[in-house]
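Biologist: Before we discuss the packing, please show me the model, and then let us go through it one question at a time.

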Amino acid sequence: MKKRFSLLAVALTALLLCISCNSKPKIQVADDESIVYFCKDITPENILKLYEALGVKQEGKIGLKVHFGEEGNQNFLNPELLRPLVEKVHPTFVETNVLYVSKRRFTDSHIALAKEHGFTFAPIDILDAEDELVYPAEGLKHFDKIKTGSHFANYDAYIIYSHFKGHGSAGFGGAIKNIAMGLASPGGKMAQHAEAFPSCRNANSCVGCNRCVQQCPAGAITITDEGPVIDTSKCIGCAKCIAECPLKIFTPGKGADEEVFLERLVEYAKVLSEKKPMVYINVMDNISKSCDCSGKAPAPFMEKVGAVASTDIVAIEMACHQLTALKQKTEDAFKDVNGISGLGQVEYAYKLGMGNKKFVLVDVVTGERISLEDAVK
Ligand code: SF4
Ligand code: SF4
């Protein structure tokens, strides 16, 4: 009787302690599962809640990888969603210059466009503004080196904040693509998209200004009577000539096939995510079939789904793939509109040991598990 009374007392004390500290029972997951936090309402407060739920203490200089949106793009995420997170963490917005000729190809005009688009409440750093940083890579199928911007090394940790939406060549673009293309230098972008050296289009329109020759760090370009000729044995694939030519004669070379392109993305994401600690937030809103690099992207084809966060890049991408499919009542929402399944990214990332495909979805507002079906209701 006495023993039963003391067990009851212990249980009551535990209950009272639990109530007084307002703690929730810890979500248990299996070894091959990861937690993905979810919120249905995409608000600035909930974006901060998602980050805090991860329980990761990021210290030092934090890079917040965003996408500023191409000029004319109407679907990129409203920067105001990030304001509470920025006020809490004091990160720097980080991006890299793009491969094609646009305002986002050059650092000054890229930063000016970012500010026009509302990214005014944190410093902005274009990681390849000064130089390229090359990391050696081992044991990968496609790369023995990975090219990012030299400022990448200046940060202690990264928050990878991604607009989960369609992409013409990758099926969808989420965290993997935001690291792979989003943190690559233009030369790194070209290496993923295409052959490692540019092609010349309408070469005979060359006016012989010599700007490409002067900018080429490898001495790989000769101007002939027929226009520029690239010595591919010298070319290092930096893509500087693409930006330099006023007539846009240089273009990325022949594109990689679909499967190879997806694998290349994953290999870039793997190497860079192993260099610095990263956490991931994906926002499923304004979901068009095309990405935010489109100057005029098609209108969104799917309703708002919600936002998710995880420390596991494979789990978060799988969660977004499944949530968007359920929302559209289909197997693969992006294969339906782009003819390519982004799931290839997830499968290859899993194969490379980057995370778990299985996940437990937790509502960040209630702290309770939530089913995929309830999440998309
Ligand atoms: S990609 Fe770079 S190295 Fe190759 S030709 Fe162009 S400027 Fe020269
Ligand atoms: S920059 Fe363009 S136009 Fe000028 S020399 Fe090179 S290829 Fe010709």
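Biologist: Into which domains is the protein divided, and how far apart do their C-alpha centres lie?
Modeller: This is a predicted model, in which local features need pLDDT of at least 70 and side-chain atom pairs count only at pLDDT 80 or more, while totals for chains, interfaces and linings use all residues. Residues are numbered from 1 along each chain as its sequence is written, and chains are lettered from A and ligands numbered from 1 in the order in which they are written. The division, with bounds from an automatic or database domain assignment, gives domain 1 (27–188 + 257–375) and domain 2 (195–254). The C-alpha centres of domain 1 and domain 2 are separated by 32 Å.

Biologist: How many residues of domain 1 are in contact with domain 2?
Modeller: Two residues are in contact if their C-beta atoms, placed from the backbone, lie within 7 Å. By that criterion domain 2 contributes seven residues, and the number from domain 1 is seven.

Biologist: Which residues come nearest to ligand 1?
Modeller: A residue is near a molecule if its C-beta atom, placed from the backbone, lies within 6 Å of it. The shell of ligand 1 holds 13 nonpolar residues (Ala, Val, Leu, Ile, Met, Phe, Trp, Tyr, Cys and Pro), one charged (Asp, Glu, Lys and Arg) and two polar (the others, Gly among them). Of the 16 residues around ligand 1, those that come nearest are Cys216, Ala218, Cys235, Cys238 and Cys241.

Biologist: And which come nearest to ligand 2?
Modeller: Around ligand 2, the shell divides into nine nonpolar, two polar and two charged residues. Of these 13 residues, the nearest are Cys206, Cys209, Arg211, Cys212 and Cys245.

Biologist: How are H9 and H12 oriented to each other?
Modeller: Helices are DSSP runs (H or I, at least four residues), numbered from the N terminus, and axes are lines fitted to C-alpha atoms over the stretch in contact, with angles from 0 to 180 degrees between N-to-C directions. The axes of H9 (residues 258–275) and H12 (residues 343–351) come within 9 Å and cross at roughly 50 degrees. Angles under 35 degrees count as roughly parallel, over 145 as roughly antiparallel, 65 to 115 as roughly perpendicular and the rest as oblique. H9 and H12 are therefore oblique.

Biologist: What is the orientation of H10 to H12?
Modeller: The axes of H10 (residues 313–327) and H12 are 10 Å apart, and the two helices pack at an angle of about 155 degrees. That makes H10, relative to H12, roughly antiparallel.
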